[in-house]
Structures are given as C-alpha cells and as structure tokens.
Amino acid sequence: MTLYGVGLGPGDADLVTVRGREVLEDADVVYSPGRLSRSVATAHVPEARIGDLGFPMTRDEEELRRAWKAAAEAIAPRARDGTVAFVTLGDPNVYSTFGHLRRTLAAFHPDVEVAVVPGVSAVTAFTTALGIEIAAGASLTLHEAARGAAPTGPDRMVLFKVTDVPATHEQLVEAGYDVVYGRRLYMEQGETVVTDDPEALADRDYYTLAYAEKRGLESAPATASFRTAESGTTAESTDGTVSTDGGSDIERAERSVGEAGGDEPPRRVRR
C-alpha cells in the first residue's frame, strides 16, 4: 500500500486541505513527530489511530540517523499492509522532518510506496497573518535565521526559526531592512504575536518568523495607481485605459505575464 506524507498547514486544524483530511480519515495509522502536529491531527483522527514515534532533541547526526532508521523500521511493515500517514506542520517538503523519513525508507525499505499531500506552508500563510502582499514580479528569498543569524542581500526575505529576535533585528536594521515578526501564527498552542518590536519577542521560540524588506523599494503594482487617481496623477480615458507612464518594475512584470498569456497590451493615454 502507501505511506503518505501529509502537510497539516500552519497549525490551525481548519487549514488542513480537503485531500489531507481525506487521507487522514482513511489511514490505518497516523504517525506524528511532535506534540503540535499531533494536536492538529487529532482534530481529524481518533487518538486510537495515532502512532507514537520518539525523536531525540539533538544535533548529533549519528544519533538522529539511528532514530530515523528505527522510525522507518516501525512504519514500513504497516505501510506494506495498509495505508499509513506521517503528518508534519506546514508542507512535507518545506523545512520538514518528512524528508528524513522518505530518504531512510528509500535506502532501507525501497519497496514502500511513498506519496506526498501538500499543505499550507508558513511560507505563504505568513502574508495574510502579517498583512503583507507579495505582488507579481517581486522577488522573495527564504532563509533560516536561528541563534541570532541575520542573512542579508535580497530585497525581500522570509526568515524562519528566528530564535534570537533582538540579535537578528539589530543586524537587519543596520543593513537597511524594515522587519516585522510573527510568532505561532495560526497555532492554537501558545500566544500568537505579530509585531515590529523585537523586545516583545525577546524570549526564544522556534516558531517565530520574520519578513524583512529593504527600505525604499519601489513596489507599486499596476492597480496601486487607483489610490492616487483622484489627485490627478493617473488619468483614465473614455475607453477605460489608464496612463502609468511606463510604471514600476512590478507593473512591467505584470504586463509581461499578461502578454505571455495572450493578453493584448493596453493602449496608453498620453497627457
């Protein structure tokens, strides 16, 4: 049969996908690597069908390999005879423990069929929680920032595992970034916090992310011109075309995407 890696989403049981819920309901046993993922899974699966796996809290690679080999040994027989799910928060292929299990099964139990059910990742869910829009044409880079790390360079970054917010914040601000933080977004366990004040998040928490954007970026999408139409900075003709005088890089990217899809470029109104 099959082992399914099921993404549970960012932490709210209501954000599990329809497909994910169906797999969980049909699975003979559902394995969870931690308390948070287990608490989400039990909203859709009876406790009696939850399987326990123990993973050591260590960076010792040899000890971790032993733990994943033991987990694969426990899961493989069940997956051969029936349907098994292994759940993770977010998406199984984004900063997830599922990759370790998939590689271990491929090495020692290659006959076990593996499938992945994607989940809503914090990579995308953070935008709604923090009130941020990443417009078409904008670049976005993903980094870890544990233990006070502060990657710099890209215009826009999502930073995961920000465990030392004050240290990371100081370096990012010095490098010219505006930063906003989100902690335990969409999670029912613990307090959800969205703030630009690093001191409000001085205590360490693995489930903290940051959005950092370089100050002074020009990032106006095409429809941003509507906000200034009344002041006369844009003009609309009788046929509905709008003058943007070439527009920002993002506006040009939006037009390129439309034209690539077969849209005709709008006629410009010169003033």
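Trainee: Which residues does Ala-150 touch, and what makes them contacts?

Mentor: Leaving aside residues up to four places away in sequence, Ala-150 touches Thr-168, Gln-171 and Leu-172. They are called contacts because heavy atoms lie within 4.5 Å. Please keep in mind that this is a predicted model, where local features need pLDDT of at least 70, side-chain atom pairs count only at pLDDT 80 or more, and totals for chains, interfaces and linings use all residues. Residues are numbered from 1 along each chain as its sequence is written, and side-chain values use heavy atoms, with hydrogens and water left out.

Trainee: Why is Ala-150 called buried?

Mentor: Buried means under 20% relative accessible area, exposed means over 50%, and partly exposed is in between (1.4 Å probe, protein chains only). Ala-150 has 18% relative accessibility, so this residue counts as buried.

Trainee: Where is Ala-150 found, and how far is Ala-150 from Ala-175?

Mentor: Ala-150 is in the loop between strand S6 (141-144) and strand S7 (156-160). Helices (H or I, at least four residues) and strands (E, at least two) are DSSP runs, numbered from the N terminus. Ala-150 and Ala-175 are 25 residues apart in sequence, and their C-alpha atoms are 9.4 Å apart in space.

Trainee: How do you know on which side of helix H1 the buried residues lie?

Mentor: In H1 (residues 18-26) the buried residues are Gly-20, Val-23 and Leu-24. They cover an arc of only 100° around the axis, so they sit on the same side of H1. That arc is taken from the directions from the helix axis to the C-beta atoms. Val-18 and Asp-26 are exposed on the other side of H1. Among what covers the buried residues are strand S1 (2-7), strand S2 (29-32), S4 and strand S5 (113-117).

Trainee: What makes Arg-65 and Glu-62 a salt bridge?

Mentor: Side chains of opposite charge can pair when their charged atoms come close. The rule asks for a side-chain nitrogen of Lys or Arg within 4 Å of a carboxyl oxygen of Asp or Glu. For Arg-65 and Glu-62 the N to O distance is 3.0 Å, so the pair meets the rule. Both lie in helix H3 (residues 61-81), three residues apart, about one turn of the helix. Arg-65 is partly exposed at 48% relative accessible area, and so is Glu-62, at 41%.

Trainee: How many salt bridges are there by this rule, and which parts does the pair Arg-80 and Asp-111 tie together?

Mentor: The count comes to twelve. Arg-80 forms a salt bridge with Asp-111, with the closest N and O atoms 2.6 Å apart. Arg-80 lies in helix H3 and Asp-111 in the loop between helix H4 (98-108) and S5, so the pair ties together parts 31 residues apart in sequence.

Trainee: Why is Asp-111 called exposed, and what is Arg-80 called?

Mentor: Asp-111 has 51% relative accessibility, so Asp-111 counts as exposed. Arg-80, with a relative accessible area of 36%, is partly exposed.
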